[in-house]
Amino acid sequence: MADHLDLHTVGDLLHHYPRRYAERGELTRLSDLPLDEHVTVVAQVADARVHTFNGGRGRRLEVTITDGSGRLQLVFFGKGVHKPRSELQPGTRAMFAGKVSVFNRKRQLAHPEFKTLGAESGAEAVEAFAHQLLPLYPACKQMESWQIQQAIDTVLGPAGHEEAALAGLIDPLPDSLREGRGLATLPEALRKIHRPATKTDIALARDRLKWDEAFVLQVALARRRRADAQLPAAPRKPVPDGLLTAFDARLPFTLTEGQRRVSEEIFADLATDHPMHRLLQGEVGSGKTMVALRAMLGVVDAGGQAAMLAPTEVLAQQHHRSITEMMGELASWGLWREAPPQKGGGGRREGMLGGAEQGTKVVLLTGSMGAAARRQALLDLVTGEAGIVIGTHALIEDKVQFHDLGLVVVDEQHRFGVEQRDALRSKGKQPPHLLVMTATPIPRTVAMTVFGDLETSVLDQLPAGRSPIASHVVPAKDKPHFLTRAWERVREEVAAGHQGYVVCPRIGDDAGDEGDASKGAASPSPEDEAEKRPPLAVVEVAEQLTKGPLSDLRVEVLHGRMQPEAKDDVMRRFAAGEVDVLVATTVIEVGVNVPNATAMVIMDADRFGVSQLHQLRGRVGRGSAAGLCLLVTDMPEASPARARLGAVAATLDGFELSRIDLEQRREGDVLGQAQSGVRSSLRVLAVIDDEEVIAAAREEAAAIVADDPELTGYPELRTALDALLDKEREEYLDKG
């Protein structure tokens, strides 16, 4: 049990709550039995016989029961024959509970639960049996639900005497909070969650236990926020008429109201003498990179350096390209006319040959760069000549040193481990300011639960000129002509002067495909035929398209295992309009910006998660022409996978889709592995449904931590916090 379910102590067992409860159902007359429903009947055994089959190796017990209104057959097989054979003798009166099925046109119960009734058993005993709620626990092959229930019954002792077993429990909720909120005591909640008499008992227990989880977690986050507020940081205030002013002056468009509002929040944080910890979440294409770049330029103005950390080389190269394009002549690459500025001058440059009066060097640093380029980039960072650096995890290596790191921007936060973010932040002389960006919209409750130590800014407006994206499900197996039409639509877009993407889950061989999206998707049922075949692959699909429906178009492939120069070359030519259709893995999921690309066909779309599909779709419709996204699947119409795709096609609201994603998958999985410590501590708290509990717990936690930061007056809460924050989780919260 310990290994498979992570249950090591009596406390672990008591906090292993039932997943749901089975009801035996109303007491039913045999003449009125409904098919396919759980029923409870009281009847007398009329007949019991054992039949053998398979040459005597198999045994089947058939028991006929009657209640005067009708007759019903019970069947038991294999080892399940022994107990009923000895107890269900003709004439025995008993209660039976099970699901009604039909065999040989006769109604029957297969392996029903039963309880024999003595002569003294009256109507009350029968009613109690019929209405008892049976807890069903999260289980595994090695430990069935009923075995877990037996273990818990052993701990709790006889019914009605649980108090003694639960007397020594440490209650993390302060009495004033518990009484003020009208919550049950912890012993009462545990007794009612494991041995409920009514559904009201379950509700009362869950209400209390949700508070335990929400409150202890929010106290941990509140203490983290308070500790961060005590850290020293260098205020970074942009100088007037500096690099940021020059950048804003050359923008060919005006910022959206949302971009202006979020920028003000960020610059207010940067001006303080403790580190900013801000989460910037925004819809696909809402202009997060622009907001982040303005923050970086402001820090460079103030004499510091800014680093942007991207999860893949393709994305790092894309950010580097788009940022240098946005900055134009302000991204100076020239030579010094005079000696570099003195210490403290940061990354800001003036009077560079080939650059503007105000400018800074923008460097790229990735793991696959050539030795000479890498040496130069490292030199630019340590001398302060580079004000802005964009890179992958290569930025984290020990040999990378900064002149004065003032701001770290982490793109697509959930793809980075905590240790990686922490390693980059440790490179500042003082803790640098931290801006975390994600294009996966996060419902407010998830942000409070998982990123509770970060302030949150939301960009929910799309920049002017963005076009709507039409999305449709293409059922390739049910309606092959729909797929034919999909390729015709791609050709029509290309004929109109546009470009398109075709996205596949795999690269083309089975060795560690980085594009195998099925790992992040909710798995369809195993019996589905479509699930049995391997996911479609970039290399194979590209070959089929060039020989078939897209034979006269310029088709290229892009995936993570190509050489960086080759990847960059393909992306450059695609951005320049020299490639009509790009067949790619999810390397294009974030950051790739080609306004002329209007069509996207996602093959095996059911292998991708909801948020991932939304991310991918955001690559089209980035210019003035309308976007088109076609979700191709072999899944049958009634399957959950098709329903998921239908939901994606029905809305462009990423926040709504993230709610659907959360409801369909384990809650932590939406944001990947980064918050595994939090996820593993949530048992009854549902971050989508329990918004009010989480918000209230956050307020209560903030008040207690403000009043007593060390929790000296709350020893039980401190103990519960230590139990939650084992080494791994403490590190998670520390470094998040």
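The model is a predicted one, and residues are named by their number along the chain.

The protein chain contains 27 helices and 23 strands. Of its 736 residues, 53% are buried. Contacts between residues at least 6 apart in sequence give a further view of the fold: 75% of them join residues at least 24 apart.

The crossing of α12 and α13 is right-handed. On the α12 side the contact is made by T289, M290, L293, M296 and L297, and on the α13 side by H319, I323, M326 and M327. Sorted by class, this contact of α12 with α13 has seven nonpolar residues, two polar residues and no charged ones.

From α13, the residues in contact are E313, V314, Q317, Q318 and R321, and from α20 they are P564, K567, D568, M571 and R572. The contact of α13 with α20 is made up of three nonpolar, two polar and five charged residues.

N593 sits in the loop between β21 (581-584) and β22 (597-602). Its relative accessibility is 34%, so N593 counts as partly exposed. N593 and G623 are separated by 30 residues in sequence, while their C-alpha atoms are 9.5 Å apart in space.

Salt bridges form the next topic, and the structure holds 36 of them. In one of these, R60 pairs with E62, and the closest N and O atoms are 2.9 Å apart. R60 is partly exposed, with a relative accessible area of 23%, whereas E62 is buried at 19%. The two partners fall in separate classes because the cut-off for buried is under 20%. Another salt bridge brings together the side chains of D269 and R278, at 2.7 Å from N to O, and both of these residues are buried.

The side chains of K361 and E385 also meet in a salt bridge, with an N to O distance of 3.8 Å. This pair links distant parts of the chain: K361 belongs to strand β13 (residues 361-365), while E385 lies in the loop between α14 (371-383) and β14 (386-391), 24 residues apart. Both K361 and E385 are buried. Elsewhere, salt bridges link R485, E488, R489, E492 and E493 in a network.

Several other loop residues complete the picture. I507 is placed in the loop between β19 (499-503) and α18 (529-532). With a relative accessible area of 4%, I507 is buried. The C-alpha atoms of I507 and T586 are 9.8 Å apart in space, although 79 residues separate the two in sequence.

N54, a residue other than glycine, has a positive phi near 55 degrees. N54 lies in the loop between β2 (38-53) and β3 (58-66), and is exposed, with a relative accessible area of 52%. R105 likewise is not a glycine and has a positive phi of about 65 degrees. R105 is found in the loop between β5 (93-103) and β6 (106-110), where R105 is exposed, with a relative accessible area of 84%.

Technical notes:
Residues numbered from 1 in each chain as written. Predicted model: local features only at pLDDT ≥ 70, side-chain atom pairs only at ≥ 80, totals over all residues. Heavy atoms only, no water. Salt bridge = Lys/Arg side-chain N within 4 Å of Asp/Glu carboxyl O. Buried < 20%, exposed > 50% of the residue type's maximum accessible area, 1.4 Å probe, protein only. Helix = DSSP H or I, 4+ residues; strand = E, 2+ residues; numbered from the N terminus. Contact = heavy atoms within 4.5 Å. Nonpolar A, V, L, I, M, F, W, Y, C, P; charged D, E, K, R; others polar. Left-handed = near helix turned anticlockwise from the far one by under 90°.
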